[in-house]
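Hi,

Here is the structure I promised to pass on.

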Amino acid sequence: MLRILTLITGLALMAACTQTQVYEPPESLGEFKLRVNYAFADKAVQGPVSRDATPEEWTKAVQNAVDIRLGRYDGSQEYDVGISLEGYMLAPPGIPVIYNPRSTAIVLVNVYDVKKKEFLAKGKQFQVLEDTTGGSAFKGSGHERTKEEQMSGLALKVADRVEEWLAEEHEENGWFDKRPDLIQPLESVEVTQNPT
């Protein structure tokens with residue numbers, strides 16, 4: 001029994017050390033600049049044991065997190081990012097140690113190239129789980145965090161995952177590489193010398 005408790009404690013502390021932070025070092029996103037940050041939650045399906053949350057609360061949480069993470073890039077090319085919350089579960093208080101549900105969210109992400117007027121991606125799906133802390137590992141998220149804390153934590157995880165994905169696409173597929181400037185040819189003008 002003591003070994004099991006020691007293992008659980010160690011795992012909880014490890015999870016606490018790898019928590020997603022609000023401000024993390026920026027990724028390599030080339031010429032990316034966020035123009036518009038759309039968030040939608042009107043059609044989100046609430047899990048059967050979830051705490052209640054309104055679409056407005058979710059929209060605000062996701063937009064805030066995305067602004068913090070993606071709004072800091074100041075490239076020369078503009079992109080719109082749209083995130084639709086499809087489903088969520090905000091963990092209610094459980095039974096400490098025995099039943100500790102974790103909050104989760106499922107989103108679909110669209111990325112739109114403003115200059116080219118085309119989507120780079122439509123409906124890319126991600127599911128995120130909230131971070132576990134030392135306290136939530138034993139007591140459960142529902143005891144340890146308020147609904148608002150759970151939502152902001154999940155929204156941050158969504159923004160973090162989207163940011164990482166954009167960096168992966170930039171590296172592998174050149175999504176945000178600098179586009180060559182279109183050089184306009186000079187009009188040929190006949191030049192005559194003044195003999196005087």
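The protein has 5 helices and 5 strands, and along the sequence they run α-β-β-α-β-β-β-α-α-α. Both kinds of element are DSSP runs numbered from the N terminus: helices are H or I with at least four residues, strands are E with at least two.

Before the details, a word on where this comes from: it's a predicted model, with local features needing pLDDT of at least 70 and side-chain atom pairs counting only at pLDDT 80 or more, while totals for chains, interfaces and linings use all residues. Residues are numbered from 1 along each chain as its sequence is written, and side-chain values use heavy atoms, with hydrogens and water left out.

On the overall numbers, 39% of the 196 residues count as buried (under 20% relative accessible area, 1.4 Å probe, protein chains only). The accessible surface comes to about 12,200 Å², and 55% of that belongs to carbon and sulfur atoms (Shrake-Rupley method, 1.4 Å probe). Among contacts (heavy atoms within 4.5 Å) with a separation of 6 or more, 75% are between residues 24 or more positions apart.

Now the inside. The largest nonpolar core has 37 residues, and Phe32, Trp58, Leu70 and Leu166 have the most contacts inside it. By nonpolar core I mean a set of buried Ala, Val, Leu, Ile, Met, Phe, Trp, Tyr and Cys residues joined through side-chain atoms within 4.5 Å. S1 (32–40), H2 (55–70), S3 (77–89), S4 (104–113), S5 (118–129) and H5 (147–173) each supply at least two of its residues, with H5 giving the most, 9 residues. Leaving out residues up to four places away in sequence, Phe32 touches several others, including Leu70, Tyr79, Val81, Leu166 and Phe176.

Glu163 lies in H5 and counts as buried because its relative accessibility is 1%. Beyond four places in sequence, Glu163 touches Pro26, Glu27, Leu29, Arg69, Leu70, Arg72 and Tyr73. Its C-alpha atom is 9.5 Å from that of Ser28, which sits 135 residues away along the chain.

The other is Asn37, in S1, which is buried too, at 11% relative accessibility. Its side chain reaches the backbone oxygen of Gln63 at 2.9 Å and makes a polar contact of 3.1 Å with the side chain of Asp67. (A polar contact is a pair of N or O atoms within 3.5 Å; within protein, one must be able to donate a hydrogen and the other to accept it, and residues adjacent in sequence count only if both atoms are side-chain atoms.)

Cheers

Definitions and conventions
Buried means under 20% relative accessible area, exposed over 50%, partly exposed in between (1.4 Å probe, protein chains only).
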